[in-house]
Amino acid sequence: MGIPLPALDGSTNADGSPQKSPLLSEEDKAVVKSKLVECLLSEPDKSIRDLMAETLHSIAIHDFPDKWPNLLPSLLQSISLNSDPSQALRVHNALLALRKVCKRYEYKSREQRGPLNEIVIQSFPLILPLATRLCNENSLEAAMMLKQILKIFWSSTQFYLPNGNNNDGTASSTPSPALANPTAMEPWFNVLKAVLTKPLAEEDQPKTKDERNAWPWWKVKKWAAQIMTRLFSRYGIPNYAEKEIKEFATYFSTNVAPSFLGPICETLNLRPSGQFCTDRVVHLCLNFVDLAVELAPTYKLLKPHMDFLLYKVCFPAMCLTEEDVDEFENDPHEFVHKQNSPLADFYDPRMSAITLVSSSVKYRGQDTMQGLLGFLSEILQRYNATDEANRNHIEKDCALLTFGSLSEILLGKKNYASELEGLMVSSVFPDFNSPVGFLRCRACWMVQRFSETKWSDDGTHLRNLIQLVLQRLSDPALPVQIEASKALRFLIEVEGADVTLLPVLPQILNEYFRIMNEIGNDEVVAALQVIIDTFGEHIEPHAVALVTQLSGAFNTYIDAGEDDDDAAMAAAQCLECINTVLKGTCEHPQLYKGMEVHLIPMIIQILGNDGEYLEYVEFALDMLTFLTYFPLQLTPQIWEAFPLLYVAFENWAFDYMILMAPPLNNFIEKDPQHFLASSGNTPEGPMKYIDMIFSIVSKTVNDEDRSSESEQRKALSLYMSVLHNCAGQVDNYLPTINDVSLAKLGRQVSAENPSTRHMIYQVLGSALYYNPELELQELEKRGVTVIIFTQWIKEMDVMENWLSQKLSILGLLSVLRIPAASLPQHVGTMIPNIIVATVKLAAKMKADSEKAQKDDEAAIEPEAEAGGDDDGEWEGFDENEDVTNPNDEAYMTALNKLTAGGDISQFLLGEGWDDDFDDIEDDFHSPLDNVEELHFLNDVLKTAYQREPEVYSQVQATLPADIVASCQQLFVAVDAQRTTSS
């Protein structure tokens, strides 16, 4: 059957292209949606069913609820058939579809959740009794339905408890039933407890571990534990709760959280009692207990059971398993990958057990510290007293892991810090030569945790430790090599380590590159970066070889394929390491020439492949910034990158404006004549470099939907680069500069944040300095001179940015370089205002500079030695106190401040945080850096007076006495500076 092509109806899009009619009419769409739902509800095959559910989700994003009003009723009608066993498939699939619709609103702000609130109002009375009934059934169908119900509950509650709705369907500000009456949530809490305590007969479960992990009933328990933990962290801690949920949080902390502890601890007792429990469920239950340790009502209940939790649950969970040991010996690459996985915090019970042990000691140390340290010390003593054949190596490894996880706490307490030297010498040093590979690995890891240990001897222990770590760089086991390379980054920062390390620096570098050639591990490269950074002045002889090796490693890692995450992270770390080499050798830019042979092809590869290497663009741009800033001259090869920057910006790198501006500025400044004379190839044909710059600025500033204010400010700085570096050669570009800048200024008149307005004043000041006659003509053509000068002068009083202040002085005073008779009359009348404003600002800048110099000198003076830490022996909170954690508090405060203006996804992605700072002056440089604003003011005013004494005598007569006095003081200061410098 043929599909008709979309017709053209003559209407156009915003960009002028013809607007196409939709492929399907509204009637046809309704038929498709109806058939999709019907097919989904009856589909038994999981793979097809999941594909249909995702399709429904995609359509719901665009059509629900307004264009799909019958979706919810049809799903609820199918769910209502749950009492008929023959309809189990239909009920399950309807729940699956309902969850997909709920997921559409999961991350929306409270004010955008109206449709979800309606779903909750209509569906929860139907699915809650069903969930209660399913808890008492044992079939797989029951588990699958219950899992979907819990996922619906999760999507509806994980960020906000549902509100009611207004008559028009929008979200109401009226609290949800759960907030108005917290006990209304009790039936749901009972479902969660029933799920978690539901016994699962051993004979009913699959036989293999993998099959059990995927078994529906364990999945249901996972969701119950996840919801319990989320409710606790989001709503259950009164200290962090926003005002409107304070009552609910108080109720939850005193009633619900304690009632959850029974099922949680009962689940954690499964493994100690010889029964099975999935890693994921253990992980989530430990996370719940970690929260319970912080809350007084729950900690009081936990306190009698802390020994059980620490020694019977956490310690075994932290131990290496048989699978771990087998992997260490037979698949070391996979072992390294798992040990360094950033996702481990989200699924590995070992990580959650470590967190719980650390929290218990940190916050409830008076109840746990002594017992735990005694338990661990006994293990180490027993190990040392046992003959080699009967030693429990795994138990010792876990004891050291526990000690290392507490390193920050132990190092911070005087009475424990003094004993750490003995721990390292007696229980760690011997393991560097242990026949057991994972103990050698743990010894290297312990160095990372206790590198700050104070050695009481003459330095022998430190020298021995460094030698032991250096030997492990060539260990036969790859995981040991990795940990040794990471350990060295901590040791090199210890006082006295350089004496041992510097003589063997070339060999150390070779070992690192050998390890990097074997496996892509970003932490290994990061350790190499620390070595380069620390021994910067000693790296220069090896710089070119380092860059050669790192660029080769980068190419090897990117050839591993996009699915190899470890290689991709290591590749990025290689580029960062190269930038560290460039930074360390920047005072000797002649070395860059030998590096460019390897670096320029890499930069061109990253920038010139249509975004294929997008994850490395940031590093490539940093690299390009080094290579264009420090060398005195730019090679023809480096100029090949210029048009690639433009093409990348046009096609896929629009969001990298802030990082592109510095190298573009460097290109312009280093060789303005080459910049003005050159053209480059683009997909549209040859284009002059200067036109590329103006296209980039225009598109960034005018497309306010895509670019942030900070990106627009950075783009405008490129106008300044052109004006400052191309004196007298870009007259015909002034109209464009004014068109773009003044249009943006018009949109910024009432902006609360003045940063962009001040940036535009920098551009206008640069244009006036470049050619005051031409720039005044541009302003006069538009009839805005007086308006802009008046507002500009007004805002000079509140300018805090040094560059804005300087360019305001240079720009406005440039008007006085024009004979008064040649100025428009309304501009001539503003001369006194210009002088007053610039003199006041120059005096302020002088005072600020002198104050900063005094502050710097004061900072250099040695500070009095700080006293001991008053809290050094603090052992945590009393059992009647809730834990107060600044990090948690800051996170919850930020979360609670979300408003209708954005949604949760923006908060999670960190969007919208880049417009509150000024980012131009730190890295902007130009020939105007050599122009002293005080000298310029002195010279312009004196020249104007000499040129037109009568005019400026009259002007001086109108100036306030304090301005005249201040002006005279500035003149004297300039004369003194010039006398001193000469």
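This is a predicted model: local features need pLDDT of at least 70, side-chain atom pairs count only at pLDDT 80 or more; totals for chains, interfaces and linings use all residues.

A search of the whole structure turns up 35 aromatic pairs. Take Phe260 and Phe288, a tilted pair with 6.1 Å centre to centre and 55° between the planes. Phe260 belongs to helix H11 (residues 246-268) and Phe288 to helix H12 (residues 279-294), so this pair ties together parts that are 28 residues apart in sequence. Both Phe260 and Phe288 are buried.

Next, look at Phe642 and Tyr689, which make a stacked pair: 4.4 Å centre to centre, with 25° between the planes. Here Phe642 sits in helix H35 (residues 641-651) and Tyr689 in helix H38 (residues 689-702), so the parts being tied together are 47 residues apart in sequence. Are these two buried or exposed? Phe642 is buried, at a relative accessible area of 1%, and Tyr689 counts as buried too, at 6% relative accessibility.

Going back to Phe260 and Phe288, they are part of one aromatic cluster, together with Phe189, Phe232, Tyr235, Phe248 and Phe252.

Phe642 also leads us to Ile693. Leaving aside residues up to four places away in sequence, Ile693 touches Phe642, Leu664, Ile668, Phe675, Leu718 and Val722. Both Ile693 and Phe675 are among the residues with the most contacts inside the largest nonpolar core, which has 317 residues. Leu488, Met516, Phe789, Trp792 and Leu816 are on that list as well. As a general point, nonpolar side chains in soluble globular proteins tend to be buried together.

One last stop is a pair of strands. Strand E3 (residues 679-682) and strand E4 (residues 685-688) pair in the antiparallel sense over 4 bridges, and they form a hairpin with 2 residues between them. If you look across the pairing, Asn681 stands opposite Pro686 in E4. E3 has two faces: Gly680 and Thr682 are on the covered one, while Ser679 and Asn681 are on the uncovered one.

How values were computed:
Residues are numbered from 1 along each chain as its sequence is written. Side-chain values use heavy atoms; hydrogens and water are left out. Rings of Phe, Tyr and Trp (its six-membered ring) pair if their centres lie within 6.5 Å; planes under 30 degrees apart count as stacked, over 60 as edge-to-face and the rest as tilted. Buried means under 20% relative accessible area, exposed over 50%, partly exposed in between (1.4 Å probe, protein chains only). A nonpolar core is a set of buried Ala, Val, Leu, Ile, Met, Phe, Trp, Tyr and Cys residues joined through side-chain atoms within 4.5 Å. Contact means heavy atoms within 4.5 Å. Two strands pair if DSSP finds at least two bridges between them.
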